[in-house]
Amino acid sequence: MFVVIVDNLDNDLFSVEELANKLFMSSSNLNRKVQRMFGFSTLKLIRDLRLQQASELLNIEDKSVNEAAELSGFYDAAHLSRYFKETFGCSPNDYREINVEFSFIDKLKNDR
C-alpha cells in the first residue's frame, strides 16, 4: 500500500478511490483497514505522507515552497501551507529556517 501511495505522491489528483482500485478493494474496505491499523482515515494517511515528503523537500533538498507543493502532490503552495501549519505548527517558510541536526551523523563522521 505504501509503495503505491509514495509512487503517486506527486499526483495531486491521486485519490482514495484510485488507491483502492490499485489495491483491488473498495474504498470503504480500504478506509476500514487503514482506520483499524492507524486510527485515522486513508485521506489523512495520504496527506500526512505528502506533508512528510514536502518537509523533506523544504529542509533537506532546499526546494522552494512552490516546488515542494508541486512535487509532493498539493494543489498549490496555499494548500500545502494550510495543512503544513496545522501539522507542524509553523509555515513552510519558517520550517525551512529550522536547522535539522542529526547528531549521530556528525558522530559517525568524526569516528572515521
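Visitor: At roughly what angle do the axes of helix H4 and helix H6 cross?
Guide: In this predicted model, helix H4 spans residues 42–59 and helix H6 spans residues 77–88, and their axes come within 11 Å. Angles from 65 to 115 degrees count as roughly perpendicular, and H4 is therefore roughly perpendicular to H6. The crossing angle is roughly 95°.

Visitor: Is Pro-92 buried or exposed?
Guide: Pro-92 is found in helix H7, which covers residues 92–97, and, with neighbours within four places in sequence left aside, Pro-92 is in contact with Leu-58, Val-65, Leu-80, Ser-81 and Phe-84. Among these partners, Leu-58 of H4 and Leu-80 and Phe-84 of H6 also take part in the meeting of those two helices. The relative accessible area of Pro-92 is 2%, and since buried means under 20%, Pro-92 is buried.

Visitor: How far apart in space are Pro-92 and Asn-59, C-alpha to C-alpha?
Guide: Asn-59 is one of the buried residues in H4, and 33 residues in sequence lie between its position and that of Pro-92 as a separation. In space, their C-alpha to C-alpha distance is 9.3 Å.

Visitor: Where does Phe-24 lie, and is this residue buried or exposed?
Guide: Most residues other than glycine have a negative phi, whereas phi of Phe-24 is positive, near 60°. Phe-24 lies in the loop between helix H2 (16–22) and helix H3 (27–38). Its relative accessible area is 78%, and Phe-24 is therefore exposed.

Visitor: What is the relative accessible area of Asp-62?
Guide: Asp-62 also has a positive phi, near 55°, and is found in the loop between H4 and helix H5 (65–71). Asp-62 is exposed, with a relative accessible area of 56%.

Visitor: How many helices does the protein have?
Guide: From the N terminus on, the elements run α-α-α-α-α-α-α-α. The secondary structure comes to zero strands, and the number of helices is eight.

How values were computed:
Residues numbered from 1 in each chain as written. Predicted model: local features only at pLDDT ≥ 70, side-chain atom pairs only at ≥ 80, totals over all residues. Heavy atoms only, no water. Helix = DSSP H or I, 4+ residues; strand = E, 2+ residues; numbered from the N terminus. Axes fitted to C-alpha atoms, helices over the stretch in contact; angles between N-to-C directions. Parallel < 35°, antiparallel > 145°, perpendicular 65-115°, else oblique. Contact = heavy atoms within 4.5 Å. Buried < 20%, exposed > 50% of the residue type's maximum accessible area, 1.4 Å probe, protein only.
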